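Here is a short note to read with the structure open beside you. Take the points in order and find each residue as you go.

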Amino acid sequence: MTVRENLFKKAIREGRPQIGLWLDMADALAAEIAGHAGFDWLVIDGEHGPNDLRSILAQLQALSSSTAEPVVRAPVGETWMIKQLLDIGARTLLIPMVDSAEQARELVRAVRYPPQGVRGVGAAVARASAFNTIPDYADTASDGICLLVQAESRAAIADLENIAAVDGVDGVFIGPADLAADMGFLGRMDAPEVQSVIENAIATILKAGKAAGILTFSEELNRRYLELGASYVAVGADVTEFSGALRSLRSRYRDGGTAPNEARRAGY
């Protein structure tokens, strides 16, 4: 066996749009369902979703036959946590709250083996190496790892040019909700002041030769970011889609409504 090519990493390097979805239900079956929906990438959210190492592992296993790239968002950018995520088979990592180039450089070191980095050498007993059936895993692991860092504060925006220039950072993901809050526009990421900063940030990231990414629940904004050159754009979350679909279904039966013909024909 050999390390599989990270097609998501290749696509964003080439600027080919990748449409994604956030997974916050922390459930392997929900992840598997999303994996068959046709998205290019799926974020297993360890920052805001109720995930731990084992639930992330279960979702990686559930997505193993999917064509979507599992992207694991760590709760924080701690080296020991990154080591565990890599060993259970995560190969595309999204790290929140990266405010400086120095921090980005430390994250690059965390995903690489010595002497280029500080990742602990233990893949022989880990899922990442298919339990030691990929003989050259340690030598080739870095080729398949995709490191995405989140810029979501005024400090990150101020140092964005330097963050994006860090060798080993494959993409910079803009966190619009936290950025808006830090700018004094909590809950108002569509404010013109925030949008101006986001659009300039996308241009800065692209100028550095790196991939730009973002998540919003606004189709209008998402299409705008794609037009500006963002290559990995998440367009929703499993929680909000599931909740919205259930409320919509219930509303069709409210106040004595009857089942739609389509549902009756389907045998439900």
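1. Start with a term. Helices (H or I, at least four residues) and strands (E, at least two) are DSSP runs, numbered from the N terminus. Keep in mind that this is a predicted model.

2. Now use those labels on Phe185. This residue sits in the loop that joins α9 (176–182) to α10. Is Phe185 buried or exposed? Its relative accessible area is 15%, and buried means under 20%, so Phe185 counts as buried.

3. Look at what surrounds Phe185. Leaving out residues up to four places away in sequence, Phe185 touches Ala180, Ala191, Glu193 and Val194. Asp45 is another matter. Phe185 and Asp45 are 140 residues apart along the chain, and their C-alpha atoms are separated by 24 Å.

4. Move on to α10 itself. Helix α10 covers residues 192–207, and helix α11 covers residues 219–228. Their axes come within 10 Å and cross at roughly 30°. Angles under 35 degrees count as roughly parallel, so α10 is roughly parallel to α11. The crossing of these two helices is right-handed.

5. Which residues make the contact between α10 and α11? From α10 come Gln195, Ile198, Glu199, Ile202 and Leu206. From α11 come Leu221, Arg224, Tyr225 and Leu228. Sorted by class, the contact has six nonpolar residues, one polar and two charged.

6. Check the loop between α5 (101–110) and α6 (137–144), where Pro115 is found. The peptide bond from Pro114 to Pro115 is cis, and its omega is near 10°.

7. Ala130 lies in that loop between α5 and α6 as well. It is not a glycine, yet its phi is positive, at about 55°. Ala130 has a relative accessible area of 22%, so it is partly exposed.

8. Met97 also deserves a look. Its phi is near 55°, a positive value in a residue other than glycine. Where is Met97 placed? It is in the loop between β4 (92–95) and α5. With a relative accessible area of 35%, Met97 is partly exposed.

9. Last, the annotation. UniProt lists residues 18–242 as "domain: HpcH/HpaI aldolase/citrate lyase", in an unreviewed entry. Over residues 18–242, the chain is 41% helix and 18% strand. The end C-alpha atoms of that stretch are 22 Å apart.

Technical notes: Residues are numbered from 1 along each chain as its sequence is written. This is a predicted model: local features need pLDDT of at least 70, side-chain atom pairs count only at pLDDT 80 or more; totals for chains, interfaces and linings use all residues. Side-chain values use heavy atoms; hydrogens and water are left out. Axes are lines fitted to C-alpha atoms, for helices over the stretch in contact, and angles run from 0 to 180 degrees between N-to-C directions. Angles under 35 degrees count as roughly parallel, over 145 as roughly antiparallel, 65 to 115 as roughly perpendicular and the rest as oblique. A crossing is left-handed if the near helix is turned anticlockwise from the far one by less than a right angle, and right-handed if clockwise. Contact means heavy atoms within 4.5 Å. Ala, Val, Leu, Ile, Met, Phe, Trp, Tyr, Cys and Pro count as nonpolar, Asp, Glu, Lys and Arg as charged, and the others, Gly among them, as polar. UniProt positions are given in the numbering used here, feature names are shortened, and annotations may be inferred rather than shown by experiment. Buried means under 20% relative accessible area, exposed over 50%, partly exposed in between (1.4 Å probe, protein chains only).
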